[in-house]
Amino acid sequence: MKKILILSTALTGLGFAASAQEIAVMSWGGAYATSQIEAYHKPFTASTGIKVINVDADNPAAPIKAQVEAGNVSIDVVDLEYADAVRLCDEGLLEVLDPAILSPAADGTAAMDDFLPGAVTDCFVATIVFSTLYAYDESKFPSDPPTTIADFFDTAKYPGKRGMRKGAKVNLEMALMADGVPADEVYSVLETPEGVDRAFAKLGTIKNDMIWWEAGAQPPQLLADGEVVMTTGYNGRFFAAAVTEGKPFKQVFDGQVYEYDGYAIPKGAPNLDAAKQFLTFATTTQALADQAKWIAYGPARQSSGPLVGVFMDGKTEMGPYMPTAAENLTNALPSSYEFWVDRDTELNERFNAWLASN
């Protein structure tokens, strides 16, 4: 089994050190962190008396790697993308977890039989299934709106600035799907030099119209500020902006790339026992269902699904907004962590060189 990395992020230079009665959890900020605070942090503190300090990062993988390698870890639990967790675990930067610490489902089903396939690895426990897709401002396209991933790249029919995450991952996959590659063939194409060239060529068609984002909270803000007419981003962030803030944003699930995200514990976490206690609490059936009431990410346990009903506004059904809803999987791509663990450095170096070129 590939090792997966759990990030307990360290706060170098911030002067923070968690005491025995508090732990530091690093996550991605914004509406996502709010969902974790409400579903995990507050109930955990109420149950145990252990305070949870939330720490935001654009991508927790980088600071965790730096903290562990420096031997100066101040984060106890870290929220990571699946491929990053695998990579960090393989590098020995995350604690190896005993799956016996995970709680069974309410009906007694063992945790390892209840989590979705591949959701629990040596160093990582998935909490959500999230999706990177694109959304657009409905007020900009009142008639004949975009409906496919190809439309995102069609600046003639849908003029205006685009937003994409500054990096190779997901962008290359979306570019190939927009160029006509079926979802189930994307990685076999991308494994070839010709496929990589094809993906970058497609990205090049909208390079001059691009605004690059790095933090998950940025895409909804770019739309709200009118800096872009459509942008890729995380489905839960767009959901939060549309439902809780009333923004005229419409998500397009065609061409979405979905994957696991979850918790890990950095090697050398200062409060290891409390960190494990938190991880166990946060990955129970009810806790995962509770998070899904705050943001439209699918829970990683099968037993959590039936417990997800309406949003916290008491009226919005969450089902249609989930990336795993049947109607949203028509042309969807599960992210390949094996592909990105092996090629992340190489393809991001090429992406950065491509970005710097004319």
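How many disulfides does the count come to? The count comes to one disulfide, and it joins C89 to C123. The model is predicted. Its protein chain is divided into domain 1 (22-129 + 260-328) and domain 2 (132-257 + 336-356).

**Disulfide**

- The S to S distance between C89 and C123 is 2.0 Å.
- The torsion about the S-S bond of this pair is about 50°, so the disulfide is right-handed.
- C89 belongs to helix α3 (residues 82-90), whereas C123 sits in the loop between α4 (111-114) and β4, so the bond ties together parts that are 34 residues apart in sequence.
- C89 has a relative accessible area of 1% and is buried.
- C123 is buried as well, at 0% relative accessibility.
- Burial is assigned here because these values fall under 20% relative accessible area.

**Domains**

- Between the C-alpha centres of domain 1 and domain 2 the distance is 25 Å.
- On the domain 1 side 26 residues are in contact with 18 residues of domain 2.
- About 1800 Å² is buried between domain 1 and domain 2, and carbon and sulfur atoms give 60% of that area.

**Nonpolar cores**

- The largest nonpolar core has 92 residues, and F115, L172 and F278 touch the most other members.
- Helix α13 (residues 337-356) supplies the largest share of this core, with seven residues.
- Domain 1 (22-129 + 260-328) and domain 2 (132-257 + 336-356) each give this core at least three residues.
- Another core, of 17 residues, lies apart from the largest one, and its members include Y32, V228, Y234 and F253.
- With neighbours within four places in sequence left aside, the contacts of F115 are L102, V120, V125, A126, T283, L288, A300, R301 and Q302.

**Strand β8**

- Strand β8 (residues 249-264) is mostly covered, with 13 of its 16 residues buried.
- Strand β3 (residues 77-81) pairs with β8 in the antiparallel sense over four bridges, and E81 stands opposite D261 in β8.
- Strand β4 (residues 125-137) also pairs with β8 in the antiparallel sense, over eleven bridges; the partner of Y134 in β8 is V252.
- Strand β10 (residues 333-334) runs parallel to β8, and two bridges join them.
- P334 in β10 is the bridge partner of Y258.

**Helix α3**

- The buried residues of α3 are Y82, A83, D84, A85, V86, R87, L88 and C89.
- The cover over these buried residues includes α2 (61-70), β3, β8 and α13.

**Q36**

- Q36 is located in helix α1 (residues 30-48).
- Q36 has 0% relative accessibility and counts as buried.
- Not counting residues up to four places away in sequence, Q36 touches S27, H41, D79, Y263 and Q291.

**K207**

- K207 lies in the loop between α8 (193-204) and β6 (210-213).
- At 17% relative accessibility K207 counts as buried, because the cut-off is under 20% relative accessible area.
- Not counting residues up to four places away in sequence, K207 touches W354, L355, S357 and N358.
- K207 and K166 are 41 residues apart along the chain, and 12 Å separates their C-alpha atoms.

Terms used
Residues numbered from 1 in each chain as written. Predicted model: local features only at pLDDT ≥ 70, side-chain atom pairs only at ≥ 80, totals over all residues. Heavy atoms only, no water. Core = buried A, V, L, I, M, F, W, Y, C linked by side-chain atoms within 4.5 Å. Buried < 20%, exposed > 50% of the residue type's maximum accessible area, 1.4 Å probe, protein only. Domains from an automatic or database assignment. Contact = heavy atoms within 4.5 Å. Pairing = 2+ DSSP bridges. Disulfide = S-S within 2.5 Å. Buried area = accessible area lost by both parts, 1.4 Å probe.
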